[in-house]
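Please study the sequence and the structure before reading each solution.

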Amino acid sequence: MTAYPAWTPASRPGIIPLHPLTFGTILGRSFTALRQNPRVLLGFALVVQTVAYLVVLVAIGGVAFATFARLDTLRPGTEEFETILIGSIAITAIASLVLGLAAGALGVLVQAIVVTEVAHAAVAEKLRLGQLWQRVKPVAWRLIGYTALILLVIVGALALVALVIVSLALVAVPVAVILGILIVLGMIPLVWWLTIKLLLVPAVILMEQATIGRAIARSWRLTKGRFWPALGVIFLISLVFGAVGQVISIPFTFLSSGLTRIISPTGDPAPAVIIGTIVTLLLAQVLTLLIQAVAVVVTSTATALIYIDARMRREGLDLDLMAYVEQRDAGATNLGDPYRAHIGREIAPRPTASAPGSAPYPPSAGYPGPGYVAPGAGYAPPAGYAPAAPAMPEAPATPDAAPATDAPPAAPSAPASTEWAAPGSAGSEAPRE
């Protein structure tokens, strides 16, 4: 008898189509992906940034008050007053730098949670915050170390430039001013170039468990040929949130003026200015924190999508993701991590799908589509994945033939068990409906 395969429902789609992404898809999904898991993405980012902002503000204010308070006991203009003033400025600056590094460490952890959530959402999985943290925790210190390294390099470069300009200013002030302007103008494209070339380092550390040095090399390689699309996405996101910040600042200017007139109609400026300024600043800071939280989520989402797209184009990651989704929806458990299946694999270049829903892989068996890479020509299916062979037609029965007996089906081989847990197994939540 001929055995027919059992019917299985179509795989549930994730937040992106599983083929190389267009510029518009990356930009649009960077904003819309926030709806996938707003409690984790926006709520966590907002809480962490608020706590970090308040801690840094209170700590710097306390250090500044403790150091500058000593100046009240000294007479201005004396040598001791000048010495203590310089020391207070230096101590406050060092404290601000240290606390800024700590706040940056918290910020990179928020980005890590967002990147991990987007990677799972791409295959229609929705995890809780605790499950996401378990995936970030093994490489958390590498992310913090990378952030500290970048900040120290930036501070060192700025200190070197300042030292050169100040030394030159002691000899020729006009030359120092011109040199400073040229350096600032030259640093703008340099900063953007390095930002894009190193954009995927946190994602590589997270998804591939790579060291800092290897992650830098991988980011440099993955962004090769995709520099301008990545720059366009990040630049437009920065431009949008910068414009939103400017638009929001305009109403607070009118609000401050209105509060001044309402609180002090007689024209006494002292209490009106103080109260109006405090209320306006508090409201402005609340909205600023909200905008910054959304900006971090959107930028981190864009980074994750750029990483996935770059690996789809260079390494055929979409084939691994599709194989994983098909096996998972067919009931397989303990599947391997598709993002670590074929790291560094080289495949033939493939174009982006020309129409929504189309894909640069074969639409049906026996009819390879454009850009399809057959197994054995640069792509090896993940462990445990074996597509069903086409059924062979039965031989026509003859009167002398013995009756056929049904042979029991062979038991499927168990897929390899890795750290990546499929939905429905321990440590993971069911796929998003």
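**Exercises with worked solutions**

The buried residues of helix H11 are Leu317, Asp318, Leu319, Asp320, Leu321, Met322, Ala323, Tyr324, Val325, Gln327 and Arg328. The model is a predicted one, in which local features need pLDDT of at least 70 and side-chain atom pairs count only at pLDDT 80 or more, while totals for chains, interfaces and linings use all residues. Residues are numbered from 1 along each chain as its sequence is written, and side-chain values use heavy atoms, with hydrogens and water left out.

**Exercise 1.** Determine how many residues of H11 are buried.

*Solution.* Begin with the terms: helices (H or I, at least four residues) and strands (E, at least two) are DSSP runs, numbered from the N terminus. Buried means under 20% relative accessible area, exposed over 50%, and partly exposed in between (1.4 Å probe, protein chains only). By this rule, 11 of the 13 residues of H11 are buried. Just after H11, glycine 331 has a positive phi of about 110°.

**Exercise 2.** State whether arginine 328 is buried or exposed, and find a polar contact of its side chain.

*Solution.* First, arginine 328 belongs to H11, which covers residues 317–329. Next, its relative accessible area is 7%, so arginine 328 counts as buried. Finally, its side chain makes a polar contact with the side chain of aspartate 329 at 3.0 Å. Such a contact is a pair of N or O atoms within 3.5 Å; within protein, one must be able to donate a hydrogen and the other to accept it, and residues adjacent in sequence count only if both atoms are side-chain atoms.

**Exercise 3.** Identify the residues that leucine 99 touches, not counting residues up to four places away in sequence.

*Solution.* Locate leucine 99 in helix H3, residues 79–121. With contact taken as heavy atoms within 4.5 Å, leucine 99 touches Val56, Ala59 and Ile60. Leucine 99 and isoleucine 60 are 39 residues apart along the chain, and their C-alpha atoms are separated by 7.9 Å.

**Exercise 4.** Classify valine 177 by its relative accessible area.

*Solution.* Valine 177 is found in helix H6, residues 173–197. The value for valine 177 is 46%, so this residue is partly exposed.

**Exercise 5.** Describe the chain as a whole: how many helices and strands does it have?

*Solution.* The count gives 11 helices and 0 strands. Of the 433 residues, 34% count as buried. Among contacts between residues at least 6 apart in sequence, 76% join residues at least 24 apart.
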